[in-house]
Amino acid sequence: LVPHSLPGSHAAREEKPALPPPREVSLPFGEVTVNLAEGRLSRYLRVKIVLVTDTRHEKEVTERLENRKATLKNWLIAHLSDKTLQDVIGRASINRTRREILEYFGAALFPEGGEPLRDVLFEEFVVQ
């Protein structure tokens with residue numbers, strides 16, 4: 001017979017209420033338009049970006065985003081303007097670009113580590 005007061009017994013364990021899973025929230029970043037790195041600079045790319053985080057990080061991400069927006073936008077313009085037409089066509093290219101933006105924004109907004117940003121989404125992705 002095992003007494004119920006031993007550590008690890010079911011009766012002695014405190015049942016903690018399960019926390020609901022965090023909900024995703026989308027934070028608008030804005031739009032940028034750049035000329036692609038083509039010979040005559042006749043083609044351009046326009047993107048409208050949304051950052052995805054969860055509700056528990058929403059306030060911190062929003063505050064850091066407001067403080068660094070000009071720097072992030074400047075990097076984004078330079079980064080995208082280095083791309084050629086081939087670099088922005090097709091699903092694999094678009095997903096690679098999203099990943100590059102997510103990695104840079106995550107490191108720039110949270111240099112101490114952690115991954116509050118879950119994703120970067122394009123609301124608009126126009127190549128002309």
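This is a predicted model: local features need pLDDT of at least 70, side-chain atom pairs count only at pLDDT 80 or more; totals for chains, interfaces and linings use all residues.
Let's start with the core. In soluble globular proteins, nonpolar side chains tend to be buried together. Here, the largest nonpolar core has 26 residues. Those with the most contacts inside it are Phe29, Ile49, Leu51, Leu76, Ile101 and Phe105. At least two core residues each come from strand 1 (24-35), strand 2, helix 1 (58-81), helix 2 (91-109) and strand 3 (119-127). Helix 1 supplies the largest share, six residues.

Next up is threonine 53, which sits in strand 2 (residues 44-54). With a relative accessibility of 0%, threonine 53 counts as buried, because the cut-off for that label is under 20%. Its side chain reaches the backbone oxygen of proline 116 at 2.6 Å. Not counting residues up to four places away in sequence, threonine 53 also touches Arg23, Glu24, Val25, Leu27, Glu58, Val61 and Arg118, among others.

Aspartate 119, for its part, belongs to strand 3. Its relative accessibility is 23%, so aspartate 119 counts as partly exposed. The side chain of aspartate 119 makes a polar contact with the side chain of arginine 98, at 2.8 Å. Beyond its neighbours within four places in sequence, aspartate 119 is in contact with Val50, Leu51, Val52, Arg98 and Leu102. As for glycine 106, 13 residues away along the chain, its C-alpha atom is separated from that of aspartate 119 by 9.6 Å.

Conventions. Residues are numbered from 1 along each chain as its sequence is written. Side-chain values use heavy atoms; hydrogens and water are left out. Helices (H or I, at least four residues) and strands (E, at least two) are DSSP runs, numbered from the N terminus. Buried means under 20% relative accessible area, exposed over 50%, partly exposed in between (1.4 Å probe, protein chains only). A polar contact is a pair of N or O atoms within 3.5 Å; within protein, one must be able to donate a hydrogen and the other to accept it, and residues adjacent in sequence count only if both atoms are side-chain atoms. Contact means heavy atoms within 4.5 Å. A nonpolar core is a set of buried Ala, Val, Leu, Ile, Met, Phe, Trp, Tyr and Cys residues joined through side-chain atoms within 4.5 Å.
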